[in-house]
Amino acid sequence: MLTLPNFLSLLRITAIPVFLIFLANGNYAAAFMLFVAAGVTDTVDGTLARLTDTGTSLGAVLDPMADKLLLLSSFIVLGFSGAIPSWLAILVVLRDVIVVLGYGAFFIVDHEWMDVAPSRLGKLSTFFQLFTVGVALLTLARPALPLATAALVFQLGAGALTAASGIHYVYRGLLWHQRRGSVGRAP
């Protein structure tokens with residue numbers, strides 16, 4: 001069902017190529033504004049879905065997909081350009097690849113999908129990742145702004161929280177798999 005919150009999530013997904021074109025062409029101010037607009041629509045679609053009780057299973061997939069696609073593409077492009085340290089871009093991408101491959105592997109082994117819900121660490125790492133990208137874009141758009149300290153704080157926070165949440169997701173997946181393996185077995 002295409003509700004307004006789902007439409008806003010789709011709009012964010014379709015805006016990603018435009019955002020990347022702005023980045024590739026050095027139009028950092030436009031990229032920053034589009035990134036902020038994506039953040040606003042993310043907040044609005046979630047709030048609307050809750051307030052109007054119009055949350056759907058499609059929205060439960062589209063919303064985090066839009067966030068992940070925007071963040072991963074941002075980290076890749078900004079990492080290659082040097083606006084974000086390459087170690088951080090690699091860490092962010094690698095964590096998500098490991099989590100997705102792990103969930104897929106558990107499905108193959110257990111023939112059941114694990115519930116995918118963000119942890120507090122995951123949400124906090126996303127917050128730091130968003131601000132890391134935002135500060136990097138703002139620094140590119142307005143190089144005279146004194147943002148070096150803020151950039152470093154968000155980069156280190158994003159790195160630490162991304163690693164910690166990755167470890168936590170792997171641990172949570174292993175616990176789920178262990179419980180699934182013990183179901184139906186004789187004691």
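## Cavity, helix packing and salt bridges

The largest cavity is lined by Arg12, Ala15, Ile16, Phe19, Leu34, Phe35, Ala38 and Leu70. This is a predicted model, in which local features need pLDDT of at least 70 and side-chain atom pairs count only at pLDDT 80 or more, while totals for chains, interfaces and linings use all residues. Residues are numbered from 1 along each chain as its sequence is written, and side-chain values use heavy atoms, with hydrogens and water left out.

A cavity here is a set of points, on a 1 Å grid over the protein atoms alone, where a 1.4 Å probe fits but cannot get out; lining residues have an atom within 4 Å of a point. Grid points are joined across faces, edges and corners, and the volume is the space filled by probe spheres set on the points. Searching the whole structure gives 1 cavity of 30 Å³ or more, and the largest cavity holds about 40 Å³ of space.

Helix 1 (4–24) and helix 2 (28–51) each contribute at least two residues to the lining of the largest cavity. Helices are DSSP runs (H or I, at least four residues), numbered from the N terminus. Helix 1 gives the largest share of this lining, 4 residues. By class, the lining has 7 nonpolar residues, no polar ones and 1 charged. Ala, Val, Leu, Ile, Met, Phe, Trp, Tyr, Cys and Pro count as nonpolar, Asp, Glu, Lys and Arg as charged, and the others, Gly among them, as polar.

Helix 1 also packs with helix 3 (residues 57–81): their axes come within 8 Å and cross at roughly 10 degrees. Helix 1 and helix 3 are therefore roughly parallel to each other (angles under 35 degrees count as such). The residues of this contact divide into 14 nonpolar, 5 polar and 3 charged. Axes are lines fitted to C-alpha atoms, for helices over the stretch in contact, and angles run from 0 to 180 degrees between N-to-C directions.

The structure holds 6 salt bridges, each a side-chain nitrogen of Lys or Arg within 4 Å of a carboxyl oxygen of Asp or Glu. Among them are these:

| Asp96 | Lys68 | 3.3 Å |

Asp63 in helix 3 and Arg12 in helix 1 are 51 residues apart, and the pair links distant parts of the chain. Arg12 is buried, with a relative accessible area of 6% (buried means under 20%, exposed over 50%, partly exposed in between, with a 1.4 Å probe and protein chains only). A network of salt bridges links Arg12, Asp42, Asp45, Asp63 and Asp67.

Asp96 lies in helix 4 (residues 86–110) and Lys68 in helix 3, 28 residues apart, and this pair too links distant parts of the chain. Asp96 is buried at 10% relative accessible area, and Arg95 is buried at 7%. Lys68, at 29% relative accessibility, counts as partly exposed.

Ala141 belongs to helix 5 (residues 120–141) and counts as buried at 16% relative accessibility.

Definitions and conventions. On a 1 Å grid over the protein atoms alone, a cavity is a set of points where a 1.4 Å probe fits but cannot get out, and a pocket is an open set with protein on both sides within 12 Å along at least five of seven lines; lining residues have an atom within 4 Å of a point. Angles under 35 degrees count as roughly parallel, over 145 as roughly antiparallel, 65 to 115 as roughly perpendicular and the rest as oblique.
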